[in-house]
Amino acid sequence: MPFAVSQLWAAPEINPINKKARSIPVLNPVDKYGRTFFFSWLGFMIAFLSWYAFPPLLTLTIKKDLHMSQNEYANSNIMSLTGTLVIRLIAGPLCDRFGPRLVFAGCLLAGAIPTALAGLVKTPTGIIVLRFFIGVLGASFVPCQVWSTAFFDKNVVGTANGLAGGWGNAGGGITYFVMPAIFDSLVRNQHLTAHVAWRVSFIVPFIIITAVGLAILFLGEDTPTGSWATRHHVGDPITAPTSSTNSVKDSSPLEKSEKDTEANTSVSLVDTAEGEVIVAPTLKEGLSVFFSLQTLALAAPYACSFGGELAINSILGAYYVKNFPKLGQTGAGRWAAMFGLLNVVFRPLGGVVSDLIFKYTGSIWGKKGWLVFCGVVTGCFEVAIGLTNSHQEKTMFGLIAGLAVFMDASNGANFAVVPHVHPFANGILSGIVGAAGNLGGIIFAIVFRYNGVHYGKAIWITGACSIGVNVACSWIRPVPKGQIGGQ
């Protein structure tokens with residue numbers, strides 16, 4: 001269906017078979033489809049903001065206050081990603097079993113508790129342990145994407161997932177503005193010491209997380225048909241029309257052929273829709289998805305794109321302070337925020353382009369080709385940043401912006417393909433791919449750890465991995481042979 005501006009606020013056209021929306025009412029939170037989209041991106045944005053609330057203040061203030069070494073600083077980044085990795089693997093099956101809305105709210109409310117306790121930390125070990133538990137907030141990405149996939153049809157699901165993920169990821173950039181601003185305000189206006197101010201700062205994300213988590217719990221819906229238990233109610237009933245006993249006899253062979261074709265098509269559409277309904281996971285089904293080549297072809301590139309983004313986002317402020325010391329903590333944080341904020345535009349763009357390719361080619365191979373292209377170009381930018389290690393602000397900021405464009409687009413392109421693969425186990429697959437992003441983040445964070453303050457070298461190593469992995473996975477067919485639904 002062609003795009004019209006009114007689709008941004010009008011109630012969307014609904015697929016009568018699977019009850020999913022064929023457009024995204026971005027500006028209509030009253031409509032259940034618009035409300036689901038609104039809470040999908042807002043919940044993940046708040047989660048990301050709080051998940052990455054430490055790095056902007058950790059660069060100088062917290063590190064100095066707790067007398068943290070460079071290795072302890074790196075270890076805290078690694079443990080944050082490890083906590084998210086564990087919970088993302090669990091969140092996938094939980095989404096398939098209980099529904100993404102409850103899992104989403106659970107992640108936010110569980111992550112709010114350690115966020116509120118940040119002010120009680122007194123040692124570097126305390127920061128490391130606390131960031132592990134705050135990592136539960138990063139797992140909210142899985143229910144965010146599963147929830148969005150459940151409400152939007154294949155013609156727009158890449159765009160919906162890209163917007164929800166991209167606007168949510170922007171929280172990683174917003175936090176570089178918000179946390180230093182709160183800290184500076186407490187020091188300058190409330191006359192708190194740095195030792196006290198950074199601790200009080202974490203009360204703000206705690207309040208926001210709790211409010212959004214409760215809103216999702218009480219205002220959201222599980223599926224387009226209602227509760228999670230009704231997700232199997234797809235397809236309008238197909239009933240045979242009442243007719244006289246002579247109706248078939250009086251029909252011509254051509255009319256009978258047309259009726260048979262129409263009936264077969266209807267049944268085929270219902271079968272396809274039923275094949276896309278998420279089922280409660282079994283161990284056998286979970287293992288088949290986990291060891292599928294199609295899962296590998298999505299998880300490995302995401303480990304490089306989102307994993308690289310997480311690792312770089314953790315050190316970018318420190319990298320800027322090292323290469324441009326005149327910026328200071330607040331100035332470096334503001335420039336580092338650009339890297340995360342570009343998600344607002346370019347992660348959704350990755351999904352939009354993917355949907356357009358699918359619209360005009362009708363092939364998931366087209367979506368996969370776009371994903372591989374973005375992954376390889378991302379690697380090229382990382383290699384360029386690392387090898388030049390520029391001390392000129394214009395060059396460095398330009399290369400980082402170029403990297404963000406294709407890295408974010410790669411993330412969006414990846415989750416534009418995910419809904420097509422193993423649709424009956426979308427939660428499990430989303431959890432595996434999402435966890436792979438964190439696994440990549442851990443691996444690259446370890447690379448940064450062992451390279452100390454030689455950030456450039458670690459970044460070009462990350463880029464070489466991205467190029468190699470995307471090329472290596474390019475031959476794998478995007479959808480398993482014989483799969484029902486998703487195509």
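Q: What makes the link between the side chains of Asn161 and Ser148 a polar contact?
A: The two side chains are joined at 2.9 Å. A polar contact is a pair of N or O atoms within 3.5 Å; within protein, one atom must be able to donate a hydrogen and the other to accept it, and residues adjacent in sequence count only if both atoms are side-chain atoms. The value of 2.9 Å lies within the limit of 3.5 Å, and the link is therefore called a polar contact.

Q: What kind of model is this, and which residues count for its local features?
A: This is a predicted model, in which local features need pLDDT of at least 70 and side-chain atom pairs count only at pLDDT 80 or more, while totals for chains, interfaces and linings use all residues. Residues are numbered from 1 along each chain as its sequence is written, and side-chain values use heavy atoms, with hydrogens and water left out.

Q: Why does Asn161 count as buried?
A: Asn161, in helix H7 (residues 157–169), has a relative accessibility of 1%. Buried means under 20% relative accessible area, exposed means over 50%, and partly exposed lies in between (1.4 Å probe, protein chains only). Since 1% is under 20%, Asn161 counts as buried.

Q: Which residues does Asn161 touch, not counting residues up to four places away in sequence?
A: Asn161 touches Gln145, Ser148, Thr149, Phe415 and Pro419, where a contact means heavy atoms within 4.5 Å.

Q: Why is Phe290 called partly exposed, and why is Phe291 called exposed?
A: The relative accessibility of Phe290 is 43%, and Phe290 therefore counts as partly exposed. For Phe291 the relative accessible area is 62%, which makes that residue exposed.

Q: Why is the pair of Phe290 and Phe291 edge-to-face?
A: The ring centres of Phe290 and Phe291 are 5.1 Å apart and their planes stand at 80 degrees, so the pair is edge-to-face.

Q: How do you know that Lys367 lies over the face of Phe358?
A: Lys367 is 5.1 Å from the ring centre of Phe358. A charge sits over a ring if NZ of Lys or CZ of Arg is within 6 Å of the ring centre and within 35 degrees of the ring normal. Lys367 also makes a polar contact of 2.8 Å with the side chain of His420. His420 lies in the loop between helix H18 (393–417) and helix H19 (426–450), and with a relative accessible area of 0% this residue is buried.

Q: Which residues touch the most other members of the largest nonpolar core?
A: They are Phe54, Phe152, Trp198 and Tyr320, in a core of 113 residues. Helix H14 gives the most to this core, with 12 residues. A nonpolar core is a set of buried Ala, Val, Leu, Ile, Met, Phe, Trp, Tyr and Cys residues joined through side-chain atoms within 4.5 Å.

Notes:
Rings of Phe, Tyr and Trp (its six-membered ring) pair if their centres lie within 6.5 Å; planes under 30 degrees apart count as stacked, over 60 as edge-to-face and the rest as tilted. Helices (H or I, at least four residues) and strands (E, at least two) are DSSP runs, numbered from the N terminus.
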